[in-house]
Amino acid sequence: MRRARRLAEHPSRAVALARLWRQSQTLNRLYDITGALLVGQDWFIQTLEGEPCQVFATFARINLDLRHQDIRLFEAASVRGRPF
């Protein structure tokens, strides 16, 4: 889970989420990451899937991204296949 820090800096919430989605799609394809994202008013819950080294590198990038705060890892586990 993480909180969105700077959504208000965009013209609208829809614009902010569209930019986030485009950037995520580009990077996820590059690193072969899949997953799911649940968006609340000012928070996100995300599942990342892929090779462990790529998933943890993606999580590290999220941690360094100043658009987020209060980032928490609830679980890291290996699973068969990719549900998302």
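**View 1. Confidence along the predicted chain.** The model shown is predicted, and the protein chain averages a pLDDT of 85, with 88% of the residues scoring at least 70. Among the elements of the chain, helix 2, which covers residues 52-64, has the highest mean pLDDT, 93, whereas strand 1, covering residues 2-4, has the lowest, 51.

**View 2. The salt bridge between Arg-82 and Asp-32.** The structure holds one salt bridge, in which the side chains of Arg-82 and Asp-32 meet at 3.4 Å, N to O. Because Arg-82 lies in the segment after strand 4 (68-69) and Asp-32 in the loop between helix 1 (13-31) and strand 2 (34-39), the pair ties together parts that are 50 residues apart in sequence. Side chains of opposite charge can pair when their charged atoms come close. Arg-82 counts as partly exposed at 35% relative accessibility, and Asp-32 is partly exposed as well, with a relative accessible area of 47%.

**View 3. Two aspartates with positive phi.** Most residues other than glycine have a negative phi. Asp-32, in the loop between helix 1 and strand 2, has a positive phi of about 55 degrees although it is not a glycine. Asp-70, which lies in the segment after strand 4, likewise has a positive phi of about 55 degrees without being a glycine, and with a relative accessible area of 41% it is partly exposed.

**View 4. The hairpin of strands 2 and 3.** Strand 2 and strand 3 (residues 43-49) pair in the antiparallel sense over six bridges, and a hairpin of three residues joins strand 2 to strand 3. Within this pairing, Gly-35 stands opposite Leu-48 in strand 3.

**View 5. Arg-61 over the ring of Tyr-31.** Arg-61 lies over the face of Tyr-31, at 4.3 Å from the ring centre. As for contacts between aromatic rings, the count of aromatic pairs comes to zero.

View 6. Although Asn-28 and Thr-58 are 30 residues apart in sequence, the two are 8.6 Å apart in space, taken from C-alpha to C-alpha.

Terms used:
Residues are numbered from 1 along each chain as its sequence is written. This is a predicted model: local features need pLDDT of at least 70, side-chain atom pairs count only at pLDDT 80 or more; totals for chains, interfaces and linings use all residues. Side-chain values use heavy atoms; hydrogens and water are left out. Rings of Phe, Tyr and Trp (its six-membered ring) pair if their centres lie within 6.5 Å; planes under 30 degrees apart count as stacked, over 60 as edge-to-face and the rest as tilted. A charge sits over a ring if NZ of Lys or CZ of Arg is within 6 Å of the ring centre and within 35 degrees of the ring normal. pLDDT is the predictor's confidence in each residue, from 0 to 100. Helices (H or I, at least four residues) and strands (E, at least two) are DSSP runs, numbered from the N terminus. A salt bridge is a side-chain nitrogen of Lys or Arg within 4 Å of a carboxyl oxygen of Asp or Glu. Buried means under 20% relative accessible area, exposed over 50%, partly exposed in between (1.4 Å probe, protein chains only). Two strands pair if DSSP finds at least two bridges between them.
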